[in-house]
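Take a walk through this protein, one stop at a time. Keep the sequence and the 3D view side by side.

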Amino acid sequence: MRQTFLEYFRAKGHTVEPSSSLVPDDPTLLFTNSGMVQFKKLFLGVEKRSYTRAATAQKCMRVSGKHNDLENVGPSPRHHTFFEMLGNFSFGDYFKRDAIFYAWELLTEIYGLDRDRFHFTIYKDDEESFQLWQEIAQAPKERIHRMGEKTNFWMMGETGPCGPNTELIWDRGKEFCDCGRPDCSPALDNDCNRWFEVWNLVFMQFNQEPDGRRTPLPKPGVDTGMGLERIVAVLQNAPSNYDTDLFYPIFEGLRELTKHSPEQMRQHYVPYRVIADHGRAMTFLMADGVLPSNEKQGYVLRMVMRRAIRFGKRLGLPMPFLPQVARLVIETMGEHYTELKAQRDFILKAVAHEEERFERTLDQGLERAERIISELKRKGEKLIYGPEAFFLHDTYGFPVEMLEDIAREHGMHVDRAGFEREMEKQRARSRGAEPRPIGSAPSARHTLPATRFVGYQTLEHPSELLFAEEQVLVFPETPFYAEAGGQVADTGRIENLSRPGKAEVVDVQKDERGVYLHRVRVTEGEFRVGDRCLLKVDAECRARTMRNHTATHLLHAALRRVLGYSQGIQAGSLVAPDELRFDFKHLAALTPEEIARIEELANRAILADLPVTVAEEPLESAKARGAMALFAEDYAGKEKVRVVTVAPLPGDDQPFSVELCGGTHVQRTGQIGLLKIISEGSVAAGVRRVHVAVGENLLAYLRERERVESKLSQLLKTSERELVPKLEALLAERDALWQEREALRRHWLASHKDRLVQQRYKINEASVICARLDLSVEDLKTLSDLIEPEITPGVVLLGGVFNGKASLVCKVSEALTKHLHAGQMMKALTPLIGGGGGGTPRFAQGGGSNPTGLDEALRHGEALIRARL
């Protein structure tokens with residue numbers, strides 16, 4: 001199935017790309033959740049490739065953010081955490097016609113599916129797709145359903161590419177209907193099991209900006225997604241996604257462990273599904289380098305593994321059983337996803353390690369959870385309080401999501417807000433201490449001495465390996481900076497001098513005893529305790545980090561001077577080779593003038609090439625010199641503290657900056673280059689955040705600005721210097737055209753008004769107008785506003801059908817509201833058009849999805865008006 005899809009599109013001129021990692025190169029996403037993620041920069045026009053059409057079979061995860069399927073996995077026949085997305089993509093090449101043709105030809109001609117069992121949904125305003133389905137698929141209009149933004153306007157996340165979409169829906173048959181509606185249809189959007197969404201074709205036209213705007217993409221394109229699990233279920237006529245040969249080998253392997261008969265397995269289908277699904281997610285995440293931890297992707301991995309372990313305990317599986325699940329996944333899927341076989345040994349070892357860690361506390365945690373639930377049931381309560389949930393998490397490693405699972409099974413729920421409050425208290429106590437990397441063994445490190453950091457003096461240092469387990473190495477001395485004070489850890493290489501062995505250092509953390517934990521990726525050979533090694537810091541990354549860190553000190557000093565603060569206002573920072581982010585306490589947004597003054601002052605210090613000195617001195621002496629620290633209590637009780645001083649500007653007698661800091665810094669400010677604030681915003685009440693570019697990062701920022709300005713100049717056919725006047729002229733022209741359009745519209749509506757006023761008739765002393773005009777609801781409202789003053793006292797009831805939706809508006813003169821209530825009348829009429837509505841005594845409106853009932857609604861409304869008047 002997978003290969004047929006890829007070969008079909010290869011024959012149609014598509015480049016077949018391999019799946020990207022489950023961990024995306026995108027700060028807005030925790031996981032790759034669709035096939036288009038790897039092409040996001042292409043859709044945004046910031047990247048170019050040698051092709052304009054592509055096809056992929058993409059690994060995907062949906063366990064976070066907008067796309068979160070976790071709690072549905074198991075009970076649902078079609079939800080997964082990990083799944084494969086088959087997709088074809090056009091980057092400014094073909095658009096709706098070809099995308100619809102390819103999908104229809106593949107499904108009906110190549111896969112041989114019955115044409116008459118397909119329905120189609122389209123975005124309500126997408127007339128082109130409506131016509132194309134009739135033309136290409138000969139689809140009857142009644143099988144093409146217009147839907148709203150919720151279902152048929154696709155968005156990758158809170159931000160990013162988006163656009164209208166059309167879905168191909170497979171009718172599994174009336175016997176699969178579980179909604180019980182006699183009018184069962186995809187248009188109901190009620191998640192009825194009869195209808196399977198097979199393929200989603202997204203027409204990418206816009207980019208969803210963080211501020212809510214939708215801006216046109218430079219080149220509209222096509223992004224389609226067809227879940228492999230779902231299309232296989234359709235082709236194999238399976239009752240669920242899990243009853244296919246994608247999952248059969250895993251289920252059979254589990255049955256060998258449980259000794260269940262096929263019937264017993266069907267009775268326990270939820271645990272089988274959970275273990276199979278989570279086992280696939282676990283195996284693929286580890287193959288992409290994710291390890292269990294307490295944050296980000298590592299937390300999700302740990303959560304799904306522990307959820308699988310709990311369901312395994314319910315089945316009575318002998319532990320550890322997850323390595324066997326991983327083996328089955330590798331055997332089933334390793335031919336196409338070769339990284340599974342390449343990482344096989346590592347995956348099996350890491351899975352066993354995590355399962356054994358959790359097994360030691362799982363039984364105790366489950367017992368405690370059951371006791372809590374039993375006690376609450378006895379009291380007639382249904383809420384597991386936050387402190388209890390936190391106790392289970394903190395003591396037994398119980399993910400709160402797993403406790404929510406157990407609670408649901410007992411008809412209870414967890415006080416999630418209370419749990420989060422307890423978590424926040426712990427973070428405050430620990431000051432954000434990082435979780436230990438996997439493979440570290442606290443008990444084995446208890447006797448290790450604190451690591452001596454030599455990275456202030458040198459970037460290369462030989463040292464003897466004291467500790468090695470999994471992907472963590474410890475040395476008595478190291479030139480690698482461990483993440484602290486907002487500065488990220490150094491990266492680099494370690495070379496084994498005692499035997500063949502090379503490793504990349506990807507992270508360095510310092511534990512509470514001062515031991516530096518080097519998290520590594522071994523690329524060659526091996527490492528053993530006692531080996532002599534050469535530790536080499538990446539000099540370029542260190543230099544960029546140093547520029548950024550000294551720049552934060554200059555920025556802090558400039559902020560305080562311009563904003564008038566005598567004390568430190570820093571609230572946090574991120575100092576990395578490619579990013580400088582600075583949070584500070586301030587109640588108002590920075591004005592453009594303030595930003596300009598801050599930049600000017602900081603750049604004066606840079607261009608003056610001031611010396612940056614580092615010294616250790618008594619805390620009280622440093623304080624006397626005005627030294628500041630983000631966490632002053634960190635230095636309490638220390639005999640000496642590290643003070644970083646930037647010399648005074650020419651003509652000043654006080655240093656430009658004095659701060660307590662353990663980070664790495666340049667020797668002179670001129671090494672920073674220049675400083676530019678590239679964004680400013682709020683992150684919390686009373687806390688502002690700026691992103692800053694210096695050095696190479698500033699050069700890259702300016703080049704991107706230059707590229708954008710050049711592109712705008714090309715599009716607007718003007719010079720870069722004339723961009724603003726050109727845009728102002730275009731906006732003025734647009735406004736004028738809009739005003740002209742509005743004037744024409746009102747003139748057009750006025751002609752309708754004159755005709756309707758002439759057609760009014762009297763009931764007693766009141767004038768009545770009851771008419772149908774197939775206009776938009778906004779035009780009907782405007783028309784009623786124009787008519788009512790000219791027929792006072794009177795009643796206006798207008799109806800129309802626009803874009804397949806029926807609308808009604810009613811306006812009643814003030815003098816008649818004692819006899820006739822517009823809102824009440826609307827509530828009586830809108831059921832006839834399959835909808836609802838309401839309003840005030842003077843004005844009401846309503847709408848519905850049954851246009852055929854509009855004429856009857858108008859007749860009924862006219863009768864109501866006669867009766868009341």
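The expected span of a helix is 1.5 Å times one less than its number of residues. Keep that rule in mind for the first stop. The model is predicted. Helix α11 covers residues 322-333, twelve in number. From its first C-alpha to its last, α11 reaches 16 Å, close to the 16 Å expected. Which residues of α11 are buried? They are Leu322, Pro323, Val325, Ala326, Leu328, Val329, Ile330 and Met333. An α-helix has 3.6 residues a turn, so residues three or four places apart point the same way.

Step back into the loop between α10 (296-315) and α11. Proline 320 lies there. The peptide bond that leads from methionine 319 to proline 320 is cis, with omega near 0°. A cis bond also joins threonine 792 to proline 793, with omega near -5°. Proline 793 sits in the loop between α23 (777-787) and β32 (794-802).

Next, go to histidine 14, in the loop between α1 (2-11) and β1 (15-16). Is histidine 14 buried or exposed? Its relative accessibility is 4%, so histidine 14 counts as buried, the cut-off being under 20%. Its side chain makes a polar contact of 2.7 Å with the side chain of tyrosine 94. A polar atom of the histidine 14 side chain also lies 3.4 Å from the backbone oxygen of lysine 12. Beyond four places in sequence, histidine 14 touches several residues, including Phe9, Arg53, Asn88 and Tyr102.

Proline 500 has another setting, the loop between β19 (492-496) and β20 (501-510). Proline 500 counts as exposed because its relative accessibility is 63%, and exposed means over 50%. Leaving aside neighbours within four places in sequence, proline 500 contacts Glu524, Gly525 and Glu526. Phenylalanine 527 is 27 residues away along the chain, but its C-alpha is 8.4 Å from that of proline 500.

Now look at the backbone angle phi. Lysine 717 has a phi near 55°, a positive value in a residue other than glycine. Lysine 717 lies between α21 (695-716) and α22 (723-758), in a loop, and is exposed at 73%. Asparagine 803 has a positive phi of about 55° too, although it is not a glycine. Its loop runs between β32 and β33 (805-812). Asparagine 803 is partly exposed, at 42%.

The structure holds two cavities of 30 Å³ or more. About 70 Å³ lies in the largest cavity. Its lining has six nonpolar, one polar and two charged residues. Among the lining residues are Arg117, Trp170, Phe196 and Asn237.

Technical notes: Residues are numbered from 1 along each chain as its sequence is written. This is a predicted model: local features need pLDDT of at least 70, side-chain atom pairs count only at pLDDT 80 or more; totals for chains, interfaces and linings use all residues. Side-chain values use heavy atoms; hydrogens and water are left out. On a 1 Å grid over the protein atoms alone, a cavity is a set of points where a 1.4 Å probe fits but cannot get out, and a pocket is an open set with protein on both sides within 12 Å along at least five of seven lines; lining residues have an atom within 4 Å of a point. Grid points are joined across faces, edges and corners, and a volume is the space filled by probe spheres set on the points. Ala, Val, Leu, Ile, Met, Phe, Trp, Tyr, Cys and Pro count as nonpolar, Asp, Glu, Lys and Arg as charged, and the others, Gly among them, as polar. Helices (H or I, at least four residues) and strands (E, at least two) are DSSP runs, numbered from the N terminus. Buried means under 20% relative accessible area, exposed over 50%, partly exposed in between (1.4 Å probe, protein chains only). A polar contact is a pair of N or O atoms within 3.5 Å; within protein, one must be able to donate a hydrogen and the other to accept it, and residues adjacent in sequence count only if both atoms are side-chain atoms. Contact means heavy atoms within 4.5 Å.
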